[in-house]
Amino acid sequence: MILSGSGVVVGLLQGNSEAWVLDRWQFGGNLLYHYLYPQFNMGIILLIFIIETLHLRTRKDFYRKAADFWVKIFAPAFVIGAVTGIPLEFGFGTNWAIFSKVSGGVIGQTLAMEGVFAFFLESAFLAIYIYGQDMFGAWGRWVSALAILVGSWGSAYFILSVNAWMQHPVGYEKLPDGQLALKHFWEFLLNPWLYSHQLEHVLNGAVITGCFAMAGLGAFYVLSGRDVEYGRFFVTLGVVVGVFASLMQVWPFGDAESRAVSEQQPIKLAAQEGVFDTERGAPWVLIGQISMEQQKIVNPVEIPRFLSFLAYRDWNSRVEGLDAFPKKLWPDNVPFVYYGFRSMVLLGFLFAGMMVLAALLLLWGGRLFRARWMLWVLMLSPPLPFVANSVGWITAETGRQPWIAYGLLRTSQSASPLVGVGSLYFTLAGMLGVFALLSLLYAVIVLGLIRGGPEEEQELEGEELKVGG
Amino acid sequence: METIWFIVVCFLLISYVVLDGFDLGAGTLHLLVAREDRERRAVLMAVGPVWDGNEVALVASGGALILAFPSLYASALSGFYLPMFIVFWLLVLRGVSIEVRQTMNDPLWHSFWDFTFFLGSALLPFAFGTALANVMRGLPLHENGFFFMPLWTDFDPLSSHPGILDWYTTIIGFLAFFALATHGANFLAVRTRGEVRARARIFSISGWVATLVLTVLGTVSTFYLFPRRLDNFFGMPWGLAFPLAALGGLAGMGYFALRGRDWPAFASSALYVAGMLASTAFSLFPDVLPATNPANSLTVHNASTTTHGLVVGMISWLVGMVLAAAWFFITYGLFFRERIEEEG
């Protein structure tokens with residue numbers, strides 16, 4: 001591991017020492033907001049694909065309407081995801097010019113592949129799915145849903161490989177002028193970071209978001225006694241897929257990713273677990289207040305020796321605390337990493353618990369639909385997976401600090417050198433305004449669709465105007 | 001290999017402008033060519049299935065750019081920081097306008113989104129034209145390859161502290177605006193029928209006149225201000241094929257528009273836009289970001305990554321592009337088959 005103190009890539013250029021914190025707010029804020037939409041869509045498109053498969057086998061109109069209804073919720077989220085994603089693709093250049101200049105030759109590989117492999121596929125088949133309804137039968141719909149599923153998950157793969165390189169740079173070489181270049185394509189594309197279950201962890205997190213959204217809306221229809229048949233179907237589908245997804249998120253995916261962190265980024269592990277002092281047989285803190293002044297967890301509720309077991313599969317193994325590393329290598333906001341990780345893990349357990357309970361009630365002769373309290377729980381829970389995915393990413397990215405590319409290049413040296421603080425405040429303010437507008441619009445659209453319900457045959461924009469010969 | 005990637009990036013950017021150009025143009029004109037609600041919806045029907053796919057070409061250009069020319073990507077995007085963000089917001093506004101208009105059946109709601117659709121569509125071509133003119137003019141690059149441009153300074157293109165808007169870049173901005181509006185009119189003439197089509201044809205002709213005048217003005221001022229942009233045409237006369245293509249396109253736009261032949265007129269405006277952009281790229285080569293002090297210019301050679309990275313990138317890009325082209329032809333084949341009819 002390269003943790004010699006200063007970055008390997010030095011002296012190329014100095015970033016903007018005043019503005020880089022604002023650059024982080026700009027890029028991080030944009031990412032967090034953007035990812036609310038793709039995580040929902042990646043989950044929902046899987047469920048839509050399952051509904052289309054049911055439609056293909058049974059040819060029941062019920063399934064066609066159910067799929068149409070969810071596509072109507074999916075489509076505007078797709079558009080918002082696309083328009084908030086464009087500034088991210090270009091944000092590497094606008095806000096992190098030094099980082100782009102140094103590592104663009106490496107991470108550019110998958111950024112370019114995302115466009116040609118994933119986005120063209122996704123946008124072409126979404127257009128066919130929405131506007132071409134009349135032209136195709138059940139098979140056309142099924143193929144389109146599959147293509148959108150492949151496109152959106154593929155897009156996640158390419159972007160995650162960029163992130164994996166930032167967490168764990170591989171496959172590159174350093175040029176005399178300080179820039180980096182691609183050396184081994186396959187090593188870069190098959191980054192072990194990505195395959196330590198990180199890819200599955202992220203995609204499965206999106207599936208959980210989709211399942212809770214579907215089950216939650218279904219619960220609303222059942223509780224309010226309208227479109228009950230659809231409501232029951234949505235609850236059933238969301239719970240059946242959700243119980244597998246939320247259990248697998250705890251084990252094996254979440255567990256495996258934590259172990260990868262303990263091997264590759266021990267400082268992040270110490271920060272996310274709140275371990276200040278190196279010890280053997282370290283306890284796992286369920287919750288407790290972190291104090292940077294006292295350098296410990298105050299009032300911890302903990303499970304003895306469990307962290308040693310989790311990290312190294314040995315109840316007595318030695319876990320390195322933050323004290324094992326010089327302070328300049330610590331993440332610059334340890335409490336954020338610690339609380340982010342705790343929130344994600346506790347929410348993960350909560351999801352597994354809720355889904356198992358709902359699934360048992362469902363299996364127990366369909367008692368779920370009479371258990372109003374459980375339906376209430378399902379109806380109110382859809383926002384939680386969004387929170388869990390967001391704090392998960394906050395843990396991963398804030399925990400990576402002070403590096404933009406782990407062990408290679410510091411974030412503070414990577415910002416655009418000539419973009420001033422004034423410009424950044426301007427674009428930050430503008431970004432907040434745009435996001436407020438988008439949130440409001442999406443809420444209006446979705447509430448309208450929910451009020452209309454799956455039965456309402458008011459259509460997909462496309463069907464209103466006939467395409468005549 | 002650098003040169004091949006230069007061609008690839010130009011190809012993607014030109015595809016983006018030609019493709020998104022017609023739906024931007026359609027958005028610019030829709031308030032004028034479509035007066036009633038059903039007519040407006042016909043315009044949205046024409047744009048709806050394709051605009052998002054067209055914008056993917058922009059994202060694909062960004063990916064190709066950072067892969068092949070990381071220094072160019074870093075310098076250009078951070079230097080044009082403010083206009084880039086304005087472009088992002090316009091893209092947001094426009095995309096959202098298309099999607100949310102039909103979600104509520106209310107005349108005020110419709111009017112509002114019709115206007116924002118117009119605003120986003122009209123300002124984007126202007127911004128793109130201005131950006132291109134800035135590159136033609138040259139940028140105040142420092143020795144480290146970076147620059148930052150304010151939105152305007154003294155409006156003099158030969159100033160020592162140029163801003164993004166000066167009289168020259170403004171002319172090119174208007175040229176882009178009118179050229180793409182005309183391209184959009186031709187697109188609507190191809191895709192619609194009835195009143196919308198009749199009005200689109202009128203705008204195709206008047207837009208052609210404006211494009212013609214501004215093309216002459218823009219070309220003359222380019223070569224008057226920056227005579228070195230002529231060098232490549234003297235050095236490699238085959239490159240004259242690009243301006244000739246643009247001229248052919250320009251002539252065709254007028255000829256076919258006057259005869260009411262929609263498809264050839266649409267093809268001509270596509271040819272014109274592609275020809276103009278290709279001429280520009282040709283006149284810049286091997287510079288990718290010329291500096292006001294030529295010693296600091298970024299070229300295909302000093303802005304690119306290693307040959308290994310370029311070769312590997314080319315292989316995966318080609319595979320992806322073949323697939324992308326297939327999806328592209330499937331969608332366009334489906335949606336361009338029949339004209340859109342307005343319904344009462």
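**View 1. A salt bridge between R259(A) and D255(A).** The side chains of R259(A) and D255(A) meet at 3.4 Å, N to O, in a salt bridge (a side-chain nitrogen of Lys or Arg within 4 Å of a carboxyl oxygen of Asp or Glu). This is a predicted model, in which local features need pLDDT of at least 70 and side-chain atom pairs count only at pLDDT 80 or more, while totals for chains, interfaces and linings use all residues. Residues are numbered from 1 along each chain as its sequence is written, chains are lettered from A and ligands numbered from 1 in the order in which they are written, and side-chain values use heavy atoms, with hydrogens and water left out. Because R259(A) and D255(A) are four residues apart in helix α7 (residues 228–264) of chain A, about one helical turn separates them (helices are DSSP runs of H or I with at least four residues, numbered from the N terminus). D255(A) is buried, at 12% relative accessibility, whereas R259(A) is partly exposed, at 28% (buried means under 20% relative accessible area, exposed over 50%, partly exposed in between, with a 1.4 Å probe and protein chains only).

**View 2. A salt bridge between K65(A) and E455(A).** K65(A) and E455(A) pair through their side chains at 3.1 Å, N to O. K65(A) belongs to helix α2 (residues 61–94) and E455(A) to the segment after α13 (421–452) of chain A, so the pair ties together parts 390 residues apart in sequence. K65(A) is buried, with a relative accessible area of 16%, while E455(A), at 39%, is partly exposed.

**View 3. A salt bridge between R342(A) and E273(A).** The closest N and O atoms of R342(A) and E273(A) are 3.0 Å apart in this salt bridge. Both R342(A) and E273(A) are buried.

Key. Helices (H or I, at least four residues) and strands (E, at least two) are DSSP runs, numbered from the N terminus.
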